[in-house]
Amino acid sequence: IDGELCSACQICVTFCAAKALAISEPRARGDVEAHCVLSKPEKCVGCGRCAQECPAGVIEMKERRAAV
């Protein structure tokens, strides 16, 4: 997720059936910049729906490495 280009529209959060995405918390008091984050990576099933629905096209799916 490109945090610089994400507008925090929450469309990806809405479409994420696994509830793995969230909008970032402010980093400091008065911070108005927010963006989507993969807040619960363990819940992500890799379906790609978030990337498909993102109007800005700032979500890129990546392969996960197998747990050892």
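The following legends describe close-up views of a predicted model.

Residues are numbered from 1 along each chain as its sequence is written, and side-chain values use heavy atoms, with hydrogens and water left out. Because the model is predicted, local features need pLDDT of at least 70 and side-chain atom pairs count only at pLDDT 80 or more, whereas totals for chains, interfaces and linings use all residues.

**Figure 1. Overall arrangement of the chain.** Two helices and two strands are present, and they follow one another along the sequence in the pattern α-β-β-α. Helices (H or I, at least four residues) and strands (E, at least two) are DSSP runs, numbered from the N terminus. Of the 68 residues in the chain, 21% are buried; buried means under 20% relative accessible area, exposed over 50%, and partly exposed in between (1.4 Å probe, protein chains only). Among contacts with a separation of 6 or more, 40% link residues 24 or more positions apart, a contact being heavy atoms within 4.5 Å.

**Figure 2. The largest nonpolar core.** This core comprises 10 residues: C6, C12, C16, A20, L21, C36, C50, C54, V58 and I59. A nonpolar core is a set of buried Ala, Val, Leu, Ile, Met, Phe, Trp, Tyr and Cys residues joined through side-chain atoms within 4.5 Å. In soluble globular proteins, nonpolar side chains tend to be buried together.

Figure 3. A disulfide is a covalent bond between the sulfur atoms of two cysteines. The criterion applied here is a pair of cysteine sulfur atoms within 2.5 Å, and a search of the whole structure finds zero disulfides. For C50, the nearest cysteine sulfur is that of C47, 6.3 Å away. C50 counts as buried because its relative accessibility is 14%. The sulfur of C54 lies 6.1 Å from the closest cysteine sulfur, in C9, and is therefore too far for a bond. C54 is found in the segment after α2 (49-53) and counts as buried, at 14% relative accessibility. Although C54 and I11 are 43 residues apart in sequence, their C-alpha atoms are 6.5 Å apart in space.

Figure 4. A22 is found in strand β1 and counts as partly exposed, because its relative accessibility is 23%. Leaving aside neighbours within four places in sequence, A22 is in contact with V13, H35, C36, V37 and S39. S24 is placed in the loop between β1 (21-23) and β2 (36-38). At 16% relative accessibility, S24 counts as buried. With its neighbours within four places in sequence again left aside, S24 is in contact with E33, A34, H35 and V37.

Figure 5. A8 is not a glycine, yet has a positive phi of about 60°. A8 is found in the segment before α1 (11-15) and is buried, with a relative accessible area of 18%. The C-alpha atoms of A8 and A34 are separated by 5.9 Å, although these residues are 26 residues apart along the chain. Apart from neighbours within four places in sequence, A8 is in contact with I23, A34 and H35. K19, also not a glycine, has a positive phi of about 60°. K19 lies in the loop between α1 and β1 and counts as exposed, at 51% relative accessibility.

Figure 6. The largest pocket has a volume of about 450 Å³. A pocket is an open set of points on a 1 Å grid over the protein atoms alone, where a 1.4 Å probe fits, with protein on both sides within 12 Å along at least five of seven lines; lining residues have an atom within 4 Å of a point. Grid points are joined across faces, edges and corners, and the volume is the space filled by probe spheres set on the points. The lining consists of 23 residues, with L38, C44, C50, M61 and K62 lying nearest the centre of the pocket. By class, the lining has 15 nonpolar, two polar and six charged residues. Ala, Val, Leu, Ile, Met, Phe, Trp, Tyr, Cys and Pro count as nonpolar, Asp, Glu, Lys and Arg as charged, and the others, Gly among them, as polar.
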